[in-house]
Amino acid sequence: MIIQGDCIEELKKLPSNSIDSVVTDPPYCSGGFNESQKMQATGQGLRSETRKRDGWFICDNMTTGGLVWLLRAVSVEAFRVLKEGGSFCVFTDWRMYPQIAPALESSGFRLRNMIVWNKGSMGLGTGFRPQHEIIIHLTKGKTKFYDRKTGNVITEKRVSATKRLHQTEKPVNLLSKLIRVTTPPGGTVLDPFAGSGTTGVAAKQEGFDFILIERDPEYIEIARERLGEPALI
Ligand SMILES: C[S@@+](CC[C@H](N)C(=O)[O-])C[C@H]1O[C@@H](n2cnc3c(N)ncnc32)[C@H](O)[C@@H]1O
């Protein structure tokens, strides 16, 4: 199922204890080194031609405080809709991890792990050039796992700039690994910041049900196309 709308509003409509895992990639809001740079952020390691083509997507230049409030609200709803033992996996980067992890934990989750996505090669920049992102893993109550084949460093190449349907699209194989560890066979995966629908594509390939929420109608159409669902008229 693909839902267009603000995730806080839409999450409130989902029944309690109905979801097996929440796997999501929210805006990072990590573009600047200080708050005023962040609000004018135009970078985040993206090439200037990519920014010219795609613009700066909605919400990614919020202040740290704004993002923390948004993710705390999402976390409260994620905790409510997850079944006992369910997992909450949230993408972020090294700079935002110290703020985001406590905000997610504060709704009752137990902080379980920091998973590193190793992109296998360095990105743009100087000094220690960026090669990884982080997935925060939290759980509700007595945790259940469903696959033992994945370590907490996962190597998957980025989606190439020429093939990308979303500025920050994640590789399907990376999402498949997260879903397989955290979701029972045939279970339901929820992504409240779905973008181009990568979580849905991975879930479908692996035989899971999915609920995707995204507020940008352009990405909703891309997700529908990727998942073979009829377009909204
Ligand atoms: C980092 S992107 C997700 C990209 C996705 N993982 C992919 O592979 O395409 C985050 C998405 O969250 C959406 N978003 C931001 N705030 C939202 C909100 N309050 N409710 C629903 N979607 C939101 C943005 O439009 C953006 O597409």
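Contact is taken here to mean heavy atoms within 4.5 Å. On this basis, the buried residues of helix H5 in the predicted model pack against helix H4 (64-81), strand E3 (82-92), strand E4 (110-118) and strand E5 (132-139). Helix H5 itself spans residues 97-105, and its buried residues are Tyr97, Ile100, Ala101, Ala103 and Leu104. When H5 is viewed down its axis, these buried residues fall within an arc of 165 degrees, and they therefore line one face of the helix.

The secondary structure of the protein consists of eight helices and eight strands. The protein has 233 residues, of which 51% count as buried. Among the contacts between residues at least 6 apart in sequence, 72% join residues at least 24 apart. The accessible surface amounts to about 11,400 Å², and carbon and sulfur atoms account for 54% of this surface.

The relative accessibility of Thr198 is 6%; because buried means under 20% relative accessible area, Thr198 counts as buried. When its neighbours within four places in sequence are set aside, Thr198 is in contact with Glu169, Lys170, Pro171, Val172, Leu175 and Arg226.

Technical notes: Residues numbered from 1 in each chain as written. Predicted model: local features only at pLDDT ≥ 70, side-chain atom pairs only at ≥ 80, totals over all residues. Heavy atoms only, no water. Buried < 20%, exposed > 50% of the residue type's maximum accessible area, 1.4 Å probe, protein only. Helix = DSSP H or I, 4+ residues; strand = E, 2+ residues; numbered from the N terminus. Arc of directions from axis to C-beta. Areas by Shrake-Rupley, 256 points an atom, 1.4 Å probe, with all protein chains shown as cover.
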